[in-house]
Amino acid sequence: MSSQRVQSNWAPAKVVVAVSGLLIALLTAGCGGGAGKLTIGIKYDQPGLSVKNPNGSVSGFDVDVAKYVAEQLGYQPSDIEWVEAPSAQRETLIQNRQVDYIVATYSITDARKEKVAFAGPYFQTGQSLLVRADNTDIVGPESLQNHKKLCSVSGSAPAQRIKDKYPGVQLQQYDTYSACVEALKNGAIDAVTTDAVILAGYAAQSPGAMKIVGQPFSTELYGIGLATDNQELRRKINDAVQKMEDGGAWRAAFDKNLGASGYPAPDPPRIDRYQAGDRSRVQVYGRYRDRILHAFWVTITLTAYSALLAVILGTSPAAMRLSPVPTLRLLGAGYVTVLRNTPLTLILLFCSFGLSQTLGITLADPNSPTSIADSNFRLAVLGLGVYTAAFVCESVRAGVNTVPLGQAEAARSLGFTFTQNLRIVLLPQAFRSVLTPLGSVLIALVKNTTIASAIGVAEAALLMKEMIENTAALLMVGTIFAAGFIVLTLPLGLSVTYLGRRLAVTR
Amino acid sequence: MSRSTVIYDAPGPRARLRNRVITVITVLAAVGIVAVALAKLGAKGQLAAAKWEPFTTANLWRTYILPGAEGTLTAAALSIALALALGVALAVGRMSSGAPIRWLCAAVVEFLRAVPVLIMMIFAYFIYALHDVFPATQLALAGVVTGLTLYNAAVIAEIVRAGVHALPRGQSEAAAALGLRRSQTMRLILLPQAITAMLPALVSQLVVVLKDTAIGYQITFVEMVRQGTVVGSQYGNYLPALLVIAALMITVNATLSGLAVRLEARLRRSRRSAVATAPAAAQAAQIDVPGTAATASNTVAGEVATGQIRPA
């Protein structure tokens, strides 16, 4: 299918491919074809995936994939020379031609595609959690929030991701995953995090002692890395991986190396025969479309509930500030002063850590599988509502001030009490005259929902951060989210202005 | 004209009694809520001396909170200065006689007001990282300042534009009669008056900037709120740490807000003319709300004209 796309709209790329293919063919012909040695980069310390055994041999799922591919390329196992490819050195090894290809838990990212080419992917996994087999209270990343001890490798992306997303987690950092797994077995920590399949490798080392919990909360696609100018080799490797996946050898390799972990074999991912330089902008949107729409839907619902709460909450301090009772006036003014001068980030953190975790005010069923997501969402609604209420209050008060004196005086002379005056005469007129400012508060609220990502609400800003880290299409991602918010706020602003004019009390 | 004579009658004996009863009930309720909260906090050990004692040590302030305060203040100062410059430029551009410039500036302002600050910060942060624009240590600061500058420039542009529009027509007409060019009129006559009149709104905008530095929390910027969480995890007193940070931020911001109100009152006293001082603009602009400034100043002008119920 992808070849069709190439033919239809990538004529220049086709020429490049054809020319480079020709060159490769000439070169390899000159070197004597499939004979000779093949150098493959792997890891030496990844149990289940690729380890160097005490006797000097190598084994694991990655190794089996590498061997299968080599065999399809026409090499005997004895022709293969294994080279250690630590994470930080993989691109250099390829660019300096020290290896022919690398099979080493090598995640395909757009940033890496700038430097090397990828065949595959041959495996799909995602960041997950490893806990002791007898552990029952950790079911996913959210359950770590309450000061659970989590271990990952220092400065690694998984560690960073967890730390940013769940600030309540206590992060223990070691230099290797092995140290983490050791600490886990000793009971010093509660969970280890990294790609599920790497965890599965450790779990398979001591069957029954540890288990993988929760759905993976990121997507990693492992590819076979090779030089960018060797399209022919890449095509052949892709064919080989396809054959391995179709023929059952893929599943056999998985069962042999990782079956003991109890981690179910995922379906093999579809081969991505992308064109170098063809990181189509549309692809980024296509790949994330559902999640982008979902994130913006969260933004919209978050706004709607918070707005409702803010109007309800905001009207009472406004009434209090206008009331004849000095204490109530003071209280109303205090509410506005405190909330208007506190950063929203701080208010949301208070909701999460103070209200929820310390005061034990739970807004969601703690046993529900989505309790953390629900509770975060509701806490965010509470925080945003309480904060925005201060601004609604000030708008309403300003609105009351625009009602002509004669209205209130007439009401009083008719014998209206303060509450009647406010309820029947002042507030209805005030609301109509402050529709435009209230609309502006609403627009500010739409934008402020992005701050809810501080307590892990899966709205637009949180997804944007993830997308930037996983795709190199920075401008595309920025445009998508900026456009999304413009689509939300501009019509809102226009319709509020229109409504404000329509409903304004004509005097 | 005191407010009590406008919405409600001067309280008689019964009303005074009722007001006292309400006061007592309110105070009791407030005290009750605070007591319950304190009791719950106490039960959770949040009031233990060990959780609060660290705040009396110099090291905590030196290592965590002062660098945070420094970050917050640096970012706020840089942002407000840059935003002021860019904002005035955008405002002037939006009132320019050349249609293309006007449209361009209008589009830029509308765009900047529609996009959340956080989105702009994240974008700037990553684009700087990608192109190695700033040294790694300054990356977060650059991201925060960019986001805050862009957004607040748009708001300031609208504040200034509202200020210029609120000036009496006679000002520009007189300037034109004297033979001043449009640019001269803007520079010598309109902007100085508009900016003076809008000073309270601009001070309030400073509060917005100070508060919004906390958004930088999410791109690892070292500011007050982030440092609060660091203190919390270091000493195991998350909640007390956040409370201390909140108290500090509220004090500074409330002082600034108070300053804005005082400035506004002073400006109003010193000018008899109908030049809008836009008190509501000061409040509204604080909402980080697009569009309010203009509307609010209209409201105020209307109020002044018809002598309606005064704001407290």
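In this predicted model, helix α1 of chain B, which spans residues 13-43, contains B:Leu38. The residue is partly exposed, as its relative accessible area is 41%.

Chain B meets chain A through 67 residues of its own, which are in contact with 68 residues of chain A. Together the two chains bury about 6,000 Å², and carbon and sulfur atoms account for 69% of that area. On the side of chain B, the residues that lose the most area to chain A are B:Ile7, B:Tyr8 and B:Gln218, which together make up 11% of what that side buries. As for charged pairs, the number of salt bridges counted between chain B and chain A is 0.

A closer look at A:Leu302 shows its surroundings: beyond residues up to four places away in sequence, A:Leu302 touches A:Phe377, A:Ala380, A:Val381, A:Leu384, A:Thr449, A:Ala452 and A:Val457.

Chain A as a whole can be described in a few numbers. Its secondary structure comprises 19 helices and 13 strands. Of its 507 residues, 54% count as buried, and the accessible surface of the chain comes to about 21,600 Å², with 58% belonging to carbon and sulfur atoms. Among contacts in chain A with a separation of 6 or more, 73% are between residues 24 or more positions apart.

A:Asp195 is part of strand β11, which covers residues 191-195. Is this residue buried or exposed? A:Asp195 counts as buried because its relative accessible area is 10%, under the 20% cut-off. With neighbours within four places in sequence set aside, A:Asp195 is in contact with A:Ser107, A:Thr125, A:Gly126, A:Gln127, A:Glu220 and A:Tyr222.

Note on methods:
Residues are numbered from 1 along each chain as its sequence is written. Chains are lettered from A and ligands numbered from 1 in the order in which they are written. This is a predicted model: local features need pLDDT of at least 70, side-chain atom pairs count only at pLDDT 80 or more; totals for chains, interfaces and linings use all residues. Side-chain values use heavy atoms; hydrogens and water are left out. Helices (H or I, at least four residues) and strands (E, at least two) are DSSP runs, numbered from the N terminus. Buried means under 20% relative accessible area, exposed over 50%, partly exposed in between (1.4 Å probe, protein chains only). Contact means heavy atoms within 4.5 Å. Accessible areas come from the Shrake-Rupley method with a 1.4 Å probe; for residues, only the protein chains shown count as cover. Buried area is the accessible area (1.4 Å probe) that two parts lose on being put together, summed over both. A salt bridge is a side-chain nitrogen of Lys or Arg within 4 Å of a carboxyl oxygen of Asp or Glu.
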